Amino acid sequence: MLKVKDINVYYGKIHALKNVSFEVRPGEVVALIGANGAGKSTTLKTVSGMMHSRTGSIEFLGEDITHTPSHNLVYKGLAHVPEGRRIFQQMTVLENLEMGAYLHKKPTREELKDIFTRFPRLQERRDQVAGTLSGGEQQMLAMGRALISHPKLLMLDEPSMGLAPILVGQIFAIIRELHQSGTTILLVEQNAEMALQVADRAYVLESGKIALSGTGHELAESDSIKKAYLGG
Ligand code: ATP
């Protein structure tokens, strides 16, 4: 579904991604894990057209999207939930969801029902101003807003960031449900333990390079991963 080959991305003189290659197959949850500053967010930004690679290629659904602008990628079925959620703080929950469905003007009743079934908290708070939601609810809203456009690939950047453990558990339960219903997900996480539990496969980024890859289970059992990312 997504094939990233040999990308090199720079912020001025900072070489943020070095020959990064990876792929996501249909129906998979693939995790990108790594320390702060390893290049995880930059990878997602490059796939969604917000950053550009000097080399290599990015293929989505068999089509070369290396130079496709972000707004066109949304139409092709790529949804990116950025780090920090970026919901519209002054709008209500419902208005935020409507913004997510802008591809076909207004969400249908079924689409809203689907989102509210998956995220009952959002239904309870549908007329509340989004800026007053808790961190976990804001994350659910950001995910709901992305899902309402029926993406073929959902990219989540640090969905558990800043959340209390119980909410982290809820967000990962939702990721698991999405996986079971066939959604393809590329997940960026600093919480390697949770990410490796939910991922079919994972890649480890270190200083802008893919240092290791394997199934979620293999990496969770690897001594070097345990030492570096799983607290020993
Ligand atoms: P984090 O979890 O902190 O977001 P990350 O793994 O997502 O970490 P990136 O944000 O992709 O890492 O950053 C990769 C490298 O690029 C880091 O060295 C970072 O300092 C640098 N970088 C990221 N954004 C910028 C920017 N806007 N300007 C300059 N350098 C940047």
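User: Which residues in H7 do Gly136, Gln139, Met140, Met143 and Leu147 in H6 meet?

Analyst: This is a predicted model: local features need pLDDT of at least 70, side-chain atom pairs count only at pLDDT 80 or more, and totals for chains, interfaces and linings use all residues. Residues are numbered from 1 along each chain as its sequence is written, and side-chain values use heavy atoms, without hydrogens and water. Helices (H or I, at least four residues) and strands (E, at least two) are DSSP runs, numbered from the N terminus. Contact means heavy atoms within 4.5 Å, and the H6 residues meet Leu167, Gln170, Ile171, Ile174, Ile175 and Leu178.

User: Is H6 roughly parallel or roughly antiparallel to H7?

Analyst: Axes are lines fitted to C-alpha atoms over the stretch in contact, with angles from 0 to 180 degrees between N-to-C directions. H6 (residues 135–147) packs on H7 (residues 165–180) at about 20 degrees, with axes 10 Å apart. Angles under 35 degrees count as roughly parallel, over 145 as roughly antiparallel, 65 to 115 as roughly perpendicular and the rest as oblique. Therefore H6 to H7 is roughly parallel.

User: Which side chain does a polar contact of 2.9 Å join to Ser48?

Analyst: A polar contact is a pair of N or O atoms within 3.5 Å; within protein, one must be able to donate a hydrogen and the other to accept it, and residues adjacent in sequence count only if both atoms are side-chain atoms. The side chain is that of His80.

User: How far is an oxygen atom of the ligand from a polar backbone atom of Ser41?

Analyst: The ligand has 14 residues around it (heavy atoms within 4 Å). Ser41 is among the closest. The distance is 2.7 Å.
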